[in-house]
Amino acid sequence: MRNRTLGLIMASAAAAALLTGCANEASGSSDETTAEIPAPPAPPPPPQAEARQQKEMAASGAMDAYAAAPPPPMMMAPEPEFRDKYEDVDPNPVKLTSEEPVSTFSIDVDTASYANVRRFLKSGVLPPKDAVRIEEMVNYFDYTYPQPEAGADPFATYVTLAPSPFAEGRQLMQIGIQGRDIDRDARPPVNLTLLVDVSGSMHSEDKLPLAKQALKLMLDQMDPADTISIAVYAGAAGEVLAPTPVSEKRKIYAALENLRAGGSTAGGEGLRLAYSLAEQGLKKDAVNRVMLLTDGDFNVGITDSEQLEDFVSRKRESGIYLSVLGFGRGNYNDALMQKIAQTGNGTAAYVDTLSEARKVLADDLGGNLFPIADDVKIQVEFNPARIAEYRLIGYETRMLDRADFNNDKVDAGDIGAGTSVTAIYDITPVGSAAAQIDPLRYGDAANASDRKSGEYAFVKLRYKPPGAPDSILLTHAVTDSDKVDSLDAAPQWVRFATAVAGFGEMLRGGEDLGAGFSWKDIRDLAAGAKGKDEFGYRAEFIELTRLAETAEAQAALNRPAPEQ
């Protein structure tokens, strides 16, 4: 009974305490045991303000995402995803001269690969193998080939046969073609349409801001009578500046300064607009050119590479040339930019620094703006009596069929004023122990001695004067007069180009190099042939060999150990 009475007393006390707490809440008093009443929700905005807010959110493309997505958790931002795109290309194979004596390719004066490779190495990593196009690395440098004689053809051809440092028993045949420079005072006027990518992917400092600085450098090199048009593209394409003489430089500067990055990338539509502007301002007896500045990240409108190639190919017939300047990292679409440039009578460069911008758009502006020859093709026929095997170093994306050489309807590369082109063949003389392919047991090698044994090869060059429909043929027979007994006796341009070619081979894995050839060999060869280096490009190359050696060693340390 006593326990029951005690329970009733305790229950009554608890009820009293509960009633007291409720009374305190109702009276607004507070202490450590009470909770605050939540504030009432804010009144809804007026209908006009709510509509305006929704309109602003819809314009930014964020309204649906804002309504559906929960607040993101706090976390560290991830590293940018690597989405660079490169064409997957296998190196040229070794050819047996007795089976396939003729090699045909289009010239290539692009330099994009070298600058892009440099960007990787200066970041401390080796570039992807497909980013390494050896011909573009070799052709990045000026080899100071002598100019063509006055009144003669627009090209001078120089061929040198020298022992190869890559592997004992092999030789290198270097073909150098020097285009005639033009007198600046006599150069034709320029009708240039700038097509600038202002999509969101161009926001970083090494993209649109660098592109604007580069264009200002170029304007300082142009004549007052030249004209500039500017078109841009992001989610849509638009005209920013109608054809304007360079004499109105402040107006052009102001148009450039107003460019801002944002939105998706309708690159195909931008190309349509740029060519339309170029056609509207088309000038007879002038250089009419579209210059595209982008990271190549086309994701709206015409995005298929084949459609873009078809469009640019059709526009090529209008006489409008194309230049492509690539910028940035992380989503750089090298593969697409190469295809567009090669299809549109164009050149491709990659701009990673302001110094490179100065090289491309100031120092080398003549070669990048003023064509002296269209559809330039090279065909080399090797004599099987003297050359057992050959391999063209680089130019994998520029190979042509044998019949294409004489077909003037087949497009090929173009050469600008003062530009040089260098190609290198790795060859194996007949009887050398360095031969990589066994001769056929029942082949026609026995008849090889009946051929012209005094020649190593016969080099043919075809080109069209700008705008002309028919090509002109030039030839050069390679004989003992083109041969040197040692690499040290070869011209300086041969030795430095050989070092650059070896560098490219090493970056691609070095499968075609002898076992004893090293980064130090490349460095020593380049240092001995550096010569006059006014702008420091060759000294920088020598430093890149050190960076590549370090990056290769670091990559080896980072590889997982093989399982035991």
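Trainee: How many cavities of 30 Å³ or more does a search of the whole structure find?
Mentor: Keep in mind that this is a predicted model. The search covers the whole structure and keeps cavities of 30 Å³ or more. With that cut-off, the count comes to six.

Trainee: Moving on to pockets, which residues sit closest to the centre of the largest one?
Mentor: The largest pocket has a volume of about 1300 Å³. Its lining takes in 49 residues, and the ones closest to the centre are Asp142, Lys359, Asp363, Asp364 and Gly418.

Trainee: How many residues of that largest pocket's lining are nonpolar?
Mentor: Elements that each supply at least two lining residues include β9 (321–327), α11 (354–363) and α15 (537–558). By class, the lining has 13 charged residues, 16 polar ones, and a nonpolar share of 20.

Trainee: And which element gives the most to the lining of the second largest pocket?
Mentor: This pocket is about 650 Å³ in volume. Its lining has 34 residues, with Tyr321, Asp374, Pro466, Gly467 and Ala468 nearest the centre. Two or more lining residues come from each of β8 (287–294) and β11 (371–382). The top contributor gives four residues, and that's β11.

Technical notes: Residues are numbered from 1 along each chain as its sequence is written. This is a predicted model: local features need pLDDT of at least 70, side-chain atom pairs count only at pLDDT 80 or more; totals for chains, interfaces and linings use all residues. Side-chain values use heavy atoms; hydrogens and water are left out. On a 1 Å grid over the protein atoms alone, a cavity is a set of points where a 1.4 Å probe fits but cannot get out, and a pocket is an open set with protein on both sides within 12 Å along at least five of seven lines; lining residues have an atom within 4 Å of a point. Grid points are joined across faces, edges and corners, and a volume is the space filled by probe spheres set on the points. Ala, Val, Leu, Ile, Met, Phe, Trp, Tyr, Cys and Pro count as nonpolar, Asp, Glu, Lys and Arg as charged, and the others, Gly among them, as polar.
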